[in-house]
Amino acid sequence: MVQVAVAMLSDLGLRPAAIQSPLGDQRNYLDSAWTLQFLHGLLIWAACLCVGYLISVAQSQDLMAAGSVYNESALPAVIAVSSFSSVIAGLQSTKVITAYRRLELGRLTAIELVAQCAGLGVAVVLAVQTRSVWSFVFATLCSAAVTTALSFLWLSGRGNRFRLDRDCVRDLIRFGKWVMLSSTFTVVASNGDRILLAGWVGPATLGLYILSFNLVSMLEGAGSRLFHSVAVPALSQIRRESPEGLAQAYWRLRLPFDVIFVTAAGAIFATGDVLVAVLYDSRYEAAGSMLKILSFSLLFSRFGILANVYFAMGEPRILTAFNFVRGLSIFLLLPIGYLLFDVIGAVWAVALHGAPSFLLLLFFQVRHRLNNLKLELLVLLAWPLGYVAGLLAEWMLSPVAILPQLADR
């Protein structure tokens, strides 16, 4: 969380800037972006080292709440070592940017899969041998190294060298200043729940929450990756070549995301308890109720993905406003929910905090003629369909769900 937060707080938006820019194929431009990318990686690592050191000092002075996540002795070292992956990723070739601009996604997908498999393999082997959190740390470093190496070896195009062209840097920063501000608010919105809960609850409770959150956010992560990889470059190209067709293309790309997210929300609400029972033993039972509540977040998180259309339109200011409202909502609603209804109240706050930003997005869609109220309402019919499908799946999975409990006995 610390590494991602620091990365986004200092995010220059180099990749979306290069993808949408008319200069994005020029060698000087790409070399300048690569140089800034590497410097950005060094900055992230240095900042994470500082955070780890400050946590270590706070622990030694007994400033952290006893039993909280922040009081775990291994935390500073884990932050320091795992964040070195930002330096490795900073060396990734700009051939990746060129491939995205040209929608040459086959080799990019292969690189991601190979890197994920390599990281997973390292994690499994080290976890079995050591039973330590360090297995995940070294897996992260391995995945970053494989991705960077293959970006040079598997993609076509010229290599990079360190160079900072004044005009290119100016163009990158012109777009990137809004991305940086937007990313700052995204950090608050995306990590505010863990930042707050880690100071209120112990590692076990936070672990149950993160487990539930990750089960839901897997779909959001996949959708976000797909939208960034396919939709944003495609919409950027349409905006450059035939802007009058942007609204139609936006809805053509958006509908599958809406249907999948809303259907999944209904299905997860129906199957939350049994899904946790199938995947985990009785110690994780409380995660089932959290998972059902967090399923409602999918109704709003899809708009966070779709708001990236304003990157393609060259309007990052709108995404900045959207993420500001998201961040403000989480820090206002989560403490209220926790004070009134303890952990469950906090989980409900996380699930529903996207509602205010959704209303803001509707306003901007009207201004840019991207709104379609009929489709917005019709797509909600997918929720009861998902719920019914979930009930059927729950009935089918119920016999399997009792197996972990029998194994415990």
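Helices here are DSSP runs of H or I at least four residues long and strands are E runs of at least two, both numbered from the N terminus. You have a predicted model open, where local features need pLDDT of at least 70, side-chain atom pairs count only at pLDDT 80 or more, and totals for chains, interfaces and linings use all residues. Residues are numbered from 1 along each chain as its sequence is written, and side-chain values use heavy atoms, with hydrogens and water left out.

**The whole protein**

Start with a cartoon view: there are 18 helices and zero strands. Of the 409 residues, 46% count as buried, meaning under 20% relative accessible area with a 1.4 Å probe, protein chains only.

**Stop one: Ser 357**

Select residues 355-367, which make up helix H16, and pick out Ser 357 within that helix. Is Ser 357 buried or exposed? Ser 357 counts as buried because its relative accessibility is 2%. Its side chain reaches the backbone oxygen of Gly 354 at 2.8 Å. Now show Phe 322, Val 325 and Arg 326: these are the residues in contact with Ser 357 once neighbours within four places in sequence are set aside (contact means heavy atoms within 4.5 Å).

**Stop two: the largest cavity**

Next, select Leu 197, Val 201, Thr 205, Leu 206, Tyr 209, Met 290, Val 343 and Val 347, which line the largest cavity. A cavity is a set of points on a 1 Å grid over the protein atoms alone where a 1.4 Å probe fits but cannot get out, and lining residues have an atom within 4 Å of a point. The volume of this one is about 40 Å³. Color by helix: H10 (203-241) and H15 (316-352) each supply at least two lining residues, with the largest share, three residues, coming from H10. By class, the lining has seven nonpolar, one polar and no charged residues.

**Stop three: the second largest pocket**

A pocket is an open set of grid points with protein on both sides within 12 Å along at least five of seven lines. The pocket holds about 290 Å³ of space. Its lining divides into three nonpolar, seven polar and eight charged residues.

Note on methods:
Buried < 20%, exposed > 50% of the residue type's maximum accessible area, 1.4 Å probe, protein only. Polar contact = N/O pair within 3.5 Å; in protein donor to acceptor, adjacent residues only side chain to side chain. Points joined across faces, edges and corners; volume = space filled by probe spheres on them. Nonpolar A, V, L, I, M, F, W, Y, C, P; charged D, E, K, R; others polar.
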